[in-house]
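Q: Could you walk me through this structure, feature by feature?

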Amino acid sequence: MPKAPSSKSASQSGSIHKSSAKKKSHLLDSEYLEFLSNALVALNKSFEHLPEFKNDVPGSSRLDGVLTSAAERLRDNYPYFHPLYAGQMLKPPHPVAQLAYALAMTINPNNHALDGGRATSAMEKEAVAQIAAIFGWTKFLGHLCGGGTMANLEALWVAGQSAPAKIVLASSQSHYTHERISKALQLPFETIASDARGRLDLQLLETRLKQGGVGTVVVTMGTTATGSVDPLHKILVLRTKYNFRIHADAAYGGYFSLLENLEPDTQKSFAAMSEADSIAIDPHKHGLQPYGCGCILFKDPGAGRWYKHNSPYTYFTSTDLHLGEISLECSRPGAAAAALWATQKLLPLTKRGEFASTLAKGREAARALHQRLRADDRFLTPFAPELDILAFALRAESVSAASLLSREIFEAAAKRDLHLALADLPLHLFQTLPSTMKRDRQTITCLRSVLMKPAHFDWLDQIWERILASVTDIENSKIGVSRRNK
Ligand SMILES: Cc1ncc(COP(=O)(O)O)c(C=O)c1O
């Protein structure tokens with residue numbers, strides 16, 4: 001992380017944000033804004049030779065007021081950046097990503113064609129090659145896209161082009177969009193139930209493969225609900241027998257390939273990723289990027305043939321590859337590429353590097369929280385988290401009562417500024433469900449926590465205290481109700 005100058009040097013250099021420079025901000029340290037103004041000066045040098053022009057900015061006299069109004073509107077948000085926000089997959093973009101995005105946005109390049117985004121297309125190619133290198137790929141085809149859904153759509157689109165009308169198989173715990181994407185692509189889609197750890201069940205997969213007609217198996221490298229990692233290394237063995245494409249949906253978990261102390265099976269699955277036909281990975285999840293940054297990679301650079309098209313408007317300035325020639329989207333933000341490039345320059349994607357250690361910390365937080373939950377017999381936990389996501393519930397007389405309790409704790413925790421999430425999980429993920437607990441529902445609503453910020457580890461005591469206090473709040477309110485009813 002760039003070291004912020006002391007407040008003395010910021011004010012001496014005449015920062016444009018003098019008045020706010022000393023105010024503490026949870027969001028973006030206002031002293032970093034000085035780095036942005038320095039970078040803008042450097043960027044502007046390229047254009048100084050151009051004749052002056054009158055840059056009328058409509059409404060500029062009202063801009064400050066409108067921006068403050070926007071800030072007031074934006075106050076209606078959960079504090080996603082704070083360690084007490086431990087609900088959904090939300091991680092603050094690194095300041096370098098925020099600043100590089102803002103810097104590039106002043107140019108607003110479009111990475112469709114080199115005509116619209118020369119520098120940022122080169123930055124995208126470099127940044128994507130660094131991501132591909134995580135999986136050992138040096139020759140590949142890949143680009144950035146809007147997010148995980150778009151990346152998965154491109155992967156299944158290429159799969160459908162190479163094996164038309166063949167079935168797409170995914171686990172019942174795979175992201176819900178695979179079914180919808182397959183529908184959009186008019187590809188038949190089927191699910192395979194997950195095993196007790198939320199991973200694609202190998203035996204059921206093989207039974208289905210024997211029946212034939214399968215073109216692609218989607219292997220989820222970190223499910224949305226529980227961070228479970230499908231056994232890719234074992235699915236590769238089935239591929240030699242039944243011949244299908246493998247698309248690794250690593251939108252969430254892909255970066256965990258950089259870690260070396262995962263559970264042995266999980267480690268083997270990640271190590272096998274180089275054998276997948278395509279990989280979706282989201283820099284806007286664990287890659288410290290703002291939303292709008294997904295990435296799709298194909299092992300075979302020949303996948304580019306399916307994208308071939310003529311554009312009567314673009315691709316004129318260079319015979320080099322224009323990224324629009326190999327992506328389904330037309331306009332794409334060059335600023336997203338600049339942000340990713342800058343982030344990876346600051347925090348290279350290396351094993352044992354600073355970036356990898358931040359991922360490891362989130363995972364440690366999830367495992368430590370899981371141990372605390374297991375040690376308290378009021379809680380039910382399905383299995384030890386493979387990554388940094390964990391789900392839990394409370395014991396109750398029935399599954400519906402436990403589900404209700406999860407909702408109550410979710411609300412009580414929010415009142416204590418701890419923001420968790422909820423997820424409906426199939427009962428077979430809870431092997432330790434007491435036999436006395438009435439199974440009056442097929443799924444149990446659990447509390448779910450995504451501990452994806454490294455600060456979650458340091459805040460574990462505070463998170464735990466708030467969980468316990470929220471449980472006590474609910475227990476006390478129930479005692480109060482039963483007393484009043486007597
Ligand atoms: C495993 C997985 N795949 C795909 C997606 C969809 O990604 P996006 O929300 O970036 O479109 C998600 C989102 O949570 C996910 O967890």
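A: Gladly, and let's begin with the ligand. Helix H6 (residues 148-162) gives the largest share of the shell around the ligand, three residues. A residue is near a molecule if its C-beta atom, placed from the backbone, lies within 6 Å of it. Helices are DSSP runs of H or I with at least four residues, strands are E runs of at least two, and both are numbered from the N terminus. Please keep in mind that this is a predicted model: local features need pLDDT of at least 70, side-chain atom pairs count only at pLDDT 80 or more, and totals for chains, interfaces and linings use all residues. Residues are numbered from 1 along each chain as its sequence is written.

Q: How many residues surround the ligand, and which are the closest?

A: The ligand is surrounded by 14 residues, with Gly147, Gly148, Thr149, His175 and Ala251 the closest. By class, nine residues of this shell are polar, three nonpolar and two charged. Here Ala, Val, Leu, Ile, Met, Phe, Trp, Tyr, Cys and Pro count as nonpolar, Asp, Glu, Lys and Arg as charged, and the others, Gly among them, as polar.

Q: What is the strand order in the sheet of seven strands?

A: Two strands pair if DSSP finds at least two bridges between them. The order in this open sheet is E1-E7-E6-E5-E4-E2-E3, and the pairing is mixed. Strand E1 (141-145) and strand E3 (189-192) are the edge strands, each pairing on one side only. On average, neighbouring strands of this sheet are turned by 20° against each other, direction ignored. Within E7, Leu297 is the residue opposite Ile279.

Q: Which helices pack on this sheet?

A: Contact means that the C-beta atoms of two residues, placed from the backbone, lie within 7 Å. Axes are lines fitted to C-alpha atoms, for helices over the stretch in contact, and angles run from 0 to 180 degrees between N-to-C directions. Helix H8 (residues 202-210) touches strand E2 (167-171), E3 and strand E4 (214-220), and its direction makes about 145° with that of E3. Helix H9 (residues 232-242) packs on E4 and strand E5 (245-250), at about 175° to the direction of E4.

Q: How is the protein divided into domains?

A: Domain bounds come from an automatic or database domain assignment. Domain 1 covers 118-309 + 320-346, and domain 2 covers 354-485. Their C-alpha centres lie 30 Å apart. The contact takes 18 residues from domain 1 and 18 residues from domain 2. On the side of domain 1 that touches domain 2, eight residues are nonpolar, eight polar and two charged.

Q: Why is one side of E8 and of E10 left without a neighbour in the sheet?

A: These strands belong to an open antiparallel sheet of four strands, ordered E8-E9-E11-E10. Strand E8 (379-380) and strand E10 (421-426) stand at its edges with a single partner strand each, so one side of each has no neighbour in the sheet. E8 is joined to strand E9 (residues 389-394) by two bridges.

Q: What should I notice about the phi of Ala165?

A: Most residues other than glycine have a negative phi. Ala165, however, has a positive phi near 65°, and its place is in the loop between H6 and E2.
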